[in-house]
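Keep the model open beside the text.

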Amino acid sequence: MTTTPPTRKLERAVDALSGETVLPEHANWDEARLAWNLAVDQQPAAVVFPELAEDVIAAVELARAFELRVTAQGTGHNAAPLGPLEDTVLVKTERMRGIEIDPEARIARIDAGVRSAELVEAAAQHGLAPLAGSSPDVGVVGYTLGGGLSWFGRKHGLAASHVHAIELVTADGRLVRADREHEPDLFWALRGGGGSFGIVTALELRLIRVSEAYAGILWWPIERDREVLHAWTELTSHELPDELTTVGRYLRPPSRPDIPEPIRGKSFVVVEAIYLGEPKQADELLAPLRALGPVMDTIQRIPTPALSHMHMDPEHPVPAMSDGMLLRKLPPEAIDELIQTAGAASSSPLVSLEVRQLGGELGRAHPDSGALPAVDADYVLYAVGIAPTPEAAAQGRAHIESVTDALRPWAAEHAYLNFAETRRDPHTLWTETAQQRLRRIKATLDPDNLIRSNQPVD
């Protein structure tokens, strides 16, 4: 699969497809090929916008007929590891947005292009919630295939562990349903093994009965980072109830009109807190942090849809440079390294650097889990820099590397797939046993390696 097909032959084949397909010579090419991360320059052979599973089958058959590869993209948040996508048909599922909620069974069935906030809002109408992440704009399918770290994860585990069934088109053009009774090996692989096994068309997720949380942010000027972050890690070093999740974070919001005026263009150290329970219990746990006198305290009861926006992740495409790592522990000397490389005196260009508390149910593997049964780490770090120019991208990349290098002594054995935004050795993403099984499943389903993933299993 190394040659680009003759343009005329590809045009004739595209004309026969029912879904919209855009080629490089078309007027809307530059718009069609964009990932959500605008810093990624995608140059595929064609971009297909399916609306039905049959359109996805046709796209896979098109790729095979012209000796191309094929990959799927719901939004393109984590598009950087894919590279330029030469000789690849890019299937963008953004028009597949159907949602069905069965409130009695607590099952949501979604089409492949549904975004997180859409599912959260639909489920909330029934007093239910998915195990959604921090970004309202991320695709549910990609997030779930990579594991899915939710605000509710310490209590309820990974989003991938709540998958009921997945429908996808395999490399040979079959539409299959994978669940515990059908295609059990594939069902195992898809829950935390990423996108190497087919093009997902629909996903069924088990929902939890949650309608609100006690959540918000404690804010301090960035100059107080040392006392705040040491107090936060002291709190998280103790045995805390699974109902509580916290995040220690540096925030340097840019000076833009869409940023709220109280934080626009300023720098902060913050602690985010999410509690599933009575506020009084959370207040007792958070008392040591509040004793430090935050300049703002927004923690209150909020409905689950508001959680989608609490973290202030961008809700539209942006050019970004980002990456992450899992941390076994976070002792005081690790916090000192973090402060030195990213703190008030560091001249960091990063708009956000967060360390999320893990543990609880996220760290407990169960026999019926998938390729990622649990996360063997106490924290996850994720850093983001805005990259409107190649120079800014290089600066952001260099600073993220300096932070991760400084914290390397406390790194976990593996990385977390959804926060790995540079290409990784697969041995660093899964255990040896899991990786060998993923490779066997991939070789059986896709011996020609037609399906392309941002983090291949081999």
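Helix H8 passes helix H9 in a right-handed crossing. A crossing counts as right-handed if the near helix is turned clockwise from the far one by less than a right angle, and left-handed if anticlockwise. Helices (H or I, at least four residues) and strands (E, at least two) are DSSP runs, numbered from the N terminus. This is a predicted model, in which local features need pLDDT of at least 70, side-chain atom pairs count only at pLDDT 80 or more, and totals for chains, interfaces and linings use all residues. Residues are numbered from 1 along each chain as its sequence is written, and side-chain values use heavy atoms, with hydrogens and water left out.

H8 spans residues 225-236 and H9 spans residues 279-290. They pack at an angle of about 155°, with their axes 9 Å apart. That makes H8 roughly antiparallel to H9. Axes are lines fitted to C-alpha atoms, for helices over the stretch in contact, and angles run from 0 to 180 degrees between N-to-C directions. Angles over 145 degrees count as roughly antiparallel, under 35 as roughly parallel, 65 to 115 as roughly perpendicular and the rest as oblique.

Which residues in H8 meet H9? From H8 come Val228, Ala231, Trp232 and Leu235; from H9 come Leu285, Leu286 and Leu289. Contact here means heavy atoms within 4.5 Å. The residues of this contact divide into 7 nonpolar, no polar and no charged. Ala, Val, Leu, Ile, Met, Phe, Trp, Tyr, Cys and Pro count as nonpolar, Asp, Glu, Lys and Arg as charged, and the others, Gly among them, as polar.

H8 also packs on H11, at an angle of about 145° and with axes 10 Å apart. The crossing is right-handed. Asp225, Arg226, Leu229, His230 and Thr233 in H8 meet Pro332, Ile335, Asp336, Leu338 and Ile339 in H11. This contact holds 5 nonpolar, 2 polar and 3 charged residues.

H11 (residues 332-342) in turn packs with H12 (residues 390-406). Their angle is about 165°, and their axes lie 9 Å apart. That makes H11 roughly antiparallel to H12. H11 passes H12 in a right-handed crossing. Glu337, Leu338, Thr341 and Ala342 in H11 meet His399, Ser402, Val403 and Ala406 in H12. By class, the contact has 4 nonpolar, 3 polar and 1 charged residues.

Now turn to the cavities. The whole structure has 4 of 30 Å³ or more. On a 1 Å grid over the protein atoms alone, a cavity is a set of points where a 1.4 Å probe fits but cannot get out, and lining residues have an atom within 4 Å of a point. Grid points are joined across faces, edges and corners, and a volume is the space filled by probe spheres set on the points.

The largest cavity holds about 110 Å³. It is lined by 14 residues, and Pro130, Leu131, Ala132, Val140 and Tyr143 are the closest to its centre. Helix H4 (116-124), helix H5 (140-145) and strand E9 (199-206) each give two or more residues to this lining. H5 gives the most, with 3 residues. The lining has 9 nonpolar, 4 polar and 1 charged residues.

The second largest cavity holds about 90 Å³. Its lining includes Val120, Pro130, Ala132, Trp151 and Phe152. Helix H10 (residues 304-310) gives the largest share, 3 residues. By class, this lining has 7 nonpolar, 4 polar and no charged residues.

Conventions: 1 Å grid on protein atoms, 1.4 Å probe; cavity = no way out; pocket = protein on both sides within 12 Å on 5 of 7 lines; lining within 4 Å.
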